[in-house]
Amino acid sequence: MKTENKENPELLKAEEQDIAVEEIDAIADQNRLKNAEQVQASHSPDDGHDHSHGSEGGWKSQWQLLLALAGLVIMLTVEYGFEFRFSKFIELPVYLALYLLSGYNVLYLAFRKAIRFDFFNEFFLMSVATIGAFMLGSYSEGVAVMVFYSIGEFFQELAVSKAKRSIKALLDVRPETVMRLNANNKTEEISSYKIKIGDIIQVKAGEKVGLDGILLSDKAVFNTAALTGESKPDTKEKGDRVLAGMINLDSISEFKVDAEFTDSKLSRILAMVQDATARKSQTQLFISRFARIYTPVVFGLALLLVLLPYFFVSDYDFNDWLYRSLVFLVISCPCALVVSIPLGYFGGIGLASKNGILFKGANFLDVMAKVDTIVMDKTGTLTKGIFEVQKVHASAISEEELIKYAGAIESKSTHPIARAVLNYAGESGLEYHAEDVQEVAGMGLRGIVNGKTVLAGNAKLLKKFNVSYDSELDKVEDTIVIISVDQKYAGYILIADELKDDAKIAVENMHQAGLKTVMLSGDKQSVVNNISALLKIDQAFGGLLPEDKVNRVSELKNAGRHIAFVGDGLNDAPVLALADAGIAMGGLGSDASIEIADVVIQNDQPSKILSAIRIGKITKKIVWQNIILAMSVKIIVLVLGAGGIANLWEAVIADVGVALLAILNAVRIQHIKL
């Protein structure tokens, strides 16, 4: 097969397209991004699968189009450009040459499929119809079928290639080489695949960051559009995390690499997008099954159209009814459906990617289109998740010692509250050593610090371990971390979070779109009530453990609601899996939540939730427009053809025209402004 591919790229094009438009899981023509070699291979122009019009395959495809157009011009000249008619001894060879010139790839593929007993496909269908036309002496119409079909196939292939290139373009975001600082503090150019965790790399102004890392320079400004879809510059401070794909807009910056090339967030994004093309929507699956049944049924009807009139029509003419059945075969070709529908879903995935939203499958576009209830976590979803210590109160021990105990145990956690405590504690938070630290889901941490048992969390944690504390703390509305040392209440730390900039407008827009909003949080009910009142959320529940969130979402689902749950933490993973559509905040979100989610919002903006729903609805609307358009035109022309009103010219123009209109409609998705 590979030898044939290299020798006949223009023949392979049609066969590949037949597979690509039916499956679409070959878009971008790369294997999964499991290792660096696979990524490198995806850039190779000699992989035998490149449909780029700058490649040899693309040049051959353009040449095929020129041949088809030349055939059309010659055919029209022979048919209408001369006042006299050629004899059949001249006319037949001319038309036969034009026929082979424009349709030899279709004939070749029809033959290859026929020897595998695959007769119900568009190639065999076209071949039967055109050979039959020649047998009836309708040379120009037989050639017209092949010419217009070849022209239509070219534009279909062009649309598929454009979709593939939009995915391939993402790979160009990551530079394959970076400048690494060696032991002598000098830079050396090295492959991104060879960089190890802990290496220090240097990125000049205007260059792309090659790997994820921690900023060592005091400050740097980045364009994050490749990851978030937002072109607004993002300023990073020393110690902040910088991701592969960002563009350095400022002076020379240095980073300490904390993830290998294939483990970077951008690599995972690319893997998600590629995996998305393999997960079909229900509409795609239906059309695939429909086409497998539809095509043989059409063959059967075409055969009956030739034979049945013999028993019912008094002036039966075999040639006339055979011609009608050939028209029937041409117009019945389902290519408009099997090409445009997968392309429409891919267009939806592409539009979402441009806006910083990653759908992990075309099926989730359909799911998001049905969502009527948005259930959201609070911290990191509606609030920034950037906590700051507001107050420290010690009891029985000094404030300094309280901070040391809190800092030591919170150093074992990645929760935003833990980071806030560590930032406040500074170096003193690392003076004590914590061990055997356990996270108690929805409550806090328990561990051993300097040989003493320390609890750090909410009131539920202390109640669970029978530690008494000041009951007045239950009335505090801010987020609070209560500390106990060796079963004795030691004090508390008050922490505040703030709403995301677009949280309020996001909830307002959800209500305007007729969506129900619900907030679920592990934070205390008083804090949840305050946030809910500010945002005017329909329902809000606080003090929830992960299993409580699962129960709340289950109740909504049992009530017939279509749920999209939005979260960012590890404790949100069970609910993300349970919801009809799980949406993770990709910037602040944990790896577990991002892996489990069906949709990932890269820039953490709540307003993107509604954008994801709109993209799902837009995609579904355009896909059904294509289905209705294709089937309506086909049914009309099928009836006209069976009645002897439509001829082969009209059949093929209608078929190709519908396919092109459907493809253009599908491609339009990628250019819609949200």
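Aspartate 212 and arginine 241 pair up in a salt bridge, with their closest N and O atoms 3.5 Å apart (the term means a side-chain nitrogen of Lys or Arg within 4 Å of a carboxyl oxygen of Asp or Glu). This is a predicted model, where local features need pLDDT of at least 70, side-chain atom pairs count only at pLDDT 80 or more, and totals for chains, interfaces and linings use all residues. Residues are numbered from 1 along each chain as its sequence is written, and side-chain values use heavy atoms, leaving out hydrogens and water.

Back to that pair: aspartate 212 sits in the loop between β3 (200-203) and β4 (213-215), while arginine 241 is in strand β7 (residues 241-242), 29 residues apart. Strands here are DSSP runs of E with at least two residues, and helices are runs of H or I with at least four, numbered from the N terminus. Aspartate 212 is buried at 1% relative accessibility, whereas arginine 241 is partly exposed at 35% (buried is under 20% relative accessible area, exposed over 50%, partly exposed in between, with a 1.4 Å probe and protein chains only).

The structure holds 12 salt bridges. Another of them joins lysine 549 and aspartate 377, at 3.2 Å from N to O. Lysine 549 belongs to helix α20 (residues 546-558), and aspartate 377 to the loop between β11 (373-376) and β12 (388-394), 172 residues apart. Lysine 549 is buried, at 2%, and aspartate 377 is buried too, at 6%.

Helix α20 also carries glutamate 555 and arginine 552, three residues apart, or about one turn of the helix. Their side chains form a salt bridge at 4.0 Å, N to O. Glutamate 555 is partly exposed at 48%, and arginine 552 is partly exposed at 29%.
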